[in-house]
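User: Hi! I'm new to protein structures and would like to work through one with you, question by question. Could you help me read it?

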Amino acid sequence: MSFGVVDMDEEGGAAAAAVAADEIRRLPAEVNWEMLDKSRFFVLGAALFSGVSAALYPAVVVKTHLQVAPPPQAATATAAAILRRDGLRGFYRGFGASLAGTVPARALYMAALEATKSSVGSAAVRLGVSEPAASAAASAAGGVSAAIAAQVVWTPVDVISQRLMVQTSSTCRYRGGVDAFKKILLADGVRGLYRGFGLSIVTYAPSNAVWWASYAMAQRFIWRIVGTERSESYPSLMAVQGASAALAGGASALVTMPLDTVKTRLQVMETETAAARPTLKSTVRGLLKEGGWAACYRGLGPRWGSMSLSAATMVTTYEFLKRLSAKEGSFD
């Protein structure tokens with residue numbers, strides 16, 4: 001290769017890097033962990049995310065019923081059966097327990113996510129990693145640490161709320177979240193509250209890593225299409241963030257569906273004796289016996305819709321929350 005060609009390649013690479021750097025500068029400013037008023041962030045976060053959880057909870061109830069019920073049913077038929085049997089209240093069984101755990105779980109999730117993203121992103125840039133790659137790596141690492149931290153609270157909350165979800169007026173074993181907590185603890189000990197914890201980590205840690213990394217990349221891709229000059233418009237900013245989150249959430253739901261179905265069954269199934277307690281192997285075998293691999297995807301429609309809508313709503317709320325919680329002068 002001639003020196004002239006080398007020079008042209010170097011000039012072309014430098015030009016491409018300059019264009020990429022200019023594109024990054026035009027993107028909306030990221031509100032990082034150091035820029036946040038932490039007390040405002042957690043108080044406002046608890047209020048905003050409680051509202052979002054209430055709006056999306058019925059889809060979670062339908063999804064859980066579909067995953068647990070042996071004969072396959074359509075999501076609409078399941079929803080109609082819940083409404084006919086228990087009324088609107090049936091779509092909010094276990095919501096109190098879920099909400100009580102969601103606030104501390106979300107706090108842990110957000111703290112771990114932002115702290116990890118900030119430290120990993122800064123370290124990657126100092127090591128000479130390009131800004132887009134550093135952002136994707138920081139988002140992935142943040143997703144993993146956030147998932148692991150939050151599951152310490154979310155797993156017991158899932159076990160309790162899911163058991164409340166699937167009980168009916170005629171088969172009411174628990175009188176509420178506190179009663180369920182006491183009875184599970186008495187029957188199975190702390191281990192009963194953390195049934196499916198390992199599977200939850202296996203499901204949500206890589207899922208969160210992929211989700212946050214793909215969310216960051218999807219945002220850059222969409223901004224490249226619509227034009228970064230529109231990033232000054234708040235409606236455009238919300239639309240791009242929502243679309244990026246919905247794409248990432250839908251893909252994550254599809255990939256992790258079999259693990260989520262197994263996890264849900266493992267947490268909800270109850271037995272009279274310790275010897276008969278379900279194991280991961282027996283749960284998978286029973287599920288495959290019922291309907292083959294298709295059984296692992298029961299509830300995919302509600303879960304896909306719920307996760308896409310939840311992702312879009314949660315992220316736009318989350319980004320809005322960060323801007324509300326930014327310290328004065330953070331964008332100067």
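Predicted model: local features only at pLDDT ≥ 70, side-chain atom pairs only at ≥ 80, totals over all residues.

User: Which kind of aromatic pair do tyrosine 57 and tyrosine 92 form?

Analyst: The protein has 6 aromatic pairs by the ring-centre rule. In the pair of tyrosine 57 and tyrosine 92, the ring centres are 5.9 Å apart and the planes are at 20° to each other. Planes under 30 degrees apart count as stacked, so this pair is stacked.

User: Which kind of aromatic pair do tyrosine 57 and phenylalanine 95 form?

Analyst: Here the ring centres are 5.1 Å apart, with 70° between the planes. Planes over 60 degrees apart fall in the edge-to-face class. The pair of tyrosine 57 and phenylalanine 95 is thus edge-to-face.

User: How many residues apart in sequence are the parts that tyrosine 57 and phenylalanine 95 tie together?

Analyst: Tyrosine 57 is in helix H2 and phenylalanine 95 is in helix H4. Phenylalanine 95 is buried, because its relative accessible area is 16%. Ring pairs link Tyr57, Tyr92 and Phe95 into a cluster. As for the parts tied together by tyrosine 57 and phenylalanine 95, they are separated in sequence by 38 residues.

User: Which residues does serine 53 touch, not counting residues up to four places away in sequence?

Analyst: Serine 53 is another residue of helix H2. Its relative accessible area is 17%, so serine 53 is buried. Setting aside residues up to four places away in sequence, serine 53 touches Phe95, Thr102 and Met314.

User: How are H2 and H3 oriented to each other?

Analyst: The axes of helix H2 (residues 38-68) and helix H3 (residues 75-86) come within 10 Å and cross at roughly 105°. Angles from 65 to 115 degrees count as roughly perpendicular. H2 and H3 are therefore roughly perpendicular.

User: How many nonpolar residues does the contact of H2 with H3 have?

Analyst: On the H2 side are Val61, Val62, His65 and Leu66, and they meet Ala75, Thr78, Ala79, Ile82 and Arg85 in H3. Sorted by class, this contact has 2 polar and 1 charged residues, and the nonpolar residues number 6.

User: How are H2 and H9 oriented to each other?

Analyst: The axes of H2 and helix H9 (residues 234-268) come within 9 Å, and their crossing angle is roughly 80°. That angle falls in the 65 to 115 range. So H2 and H9 are roughly perpendicular to each other.

User: How many polar residues are in the contact of H2 with H9?

Analyst: H2 brings Lys63, Thr64, Gln67 and Val68, which meet Met257, Asp260, Thr261, Thr264, Arg265 and Val268 in H9. The contact divides into 3 nonpolar and 3 charged residues, and the polar ones number 4.

User: How far apart in space are threonine 168 and glycine 90, C-alpha to C-alpha?

Analyst: Threonine 168 is in the loop between helix H5 (131-166) and helix H6 (177-188). It counts as buried because its relative accessibility is 10%. Beyond its neighbours within four places in sequence, threonine 168 is in contact with Arg85, Asp86 and Arg93. Threonine 168 and glycine 90 are 78 residues apart in sequence, and their C-alpha to C-alpha distance is 8.0 Å.

User: Is leucine 88 buried or exposed?

Analyst: Leucine 88 is located in the loop between H3 and H4. Its relative accessible area is 65%, and over 50% is the cut-off. Leucine 88 is therefore exposed.

User: Finally, how many helices does the protein have?

Analyst: Buried residues make up 45% of the 332 residues. The protein has 0 strands, and its helices number 11.

Note on methods
Residues numbered from 1 in each chain as written. Heavy atoms only, no water. Axes fitted to C-alpha atoms, helices over the stretch in contact; angles between N-to-C directions. Helix = DSSP H or I, 4+ residues; strand = E, 2+ residues; numbered from the N terminus. Parallel < 35°, antiparallel > 145°, perpendicular 65-115°, else oblique. Contact = heavy atoms within 4.5 Å. Nonpolar A, V, L, I, M, F, W, Y, C, P; charged D, E, K, R; others polar. Buried < 20%, exposed > 50% of the residue type's maximum accessible area, 1.4 Å probe, protein only. Phe/Tyr/Trp six-rings, centres within 6.5 Å; stacked < 30°, edge-to-face > 60°.
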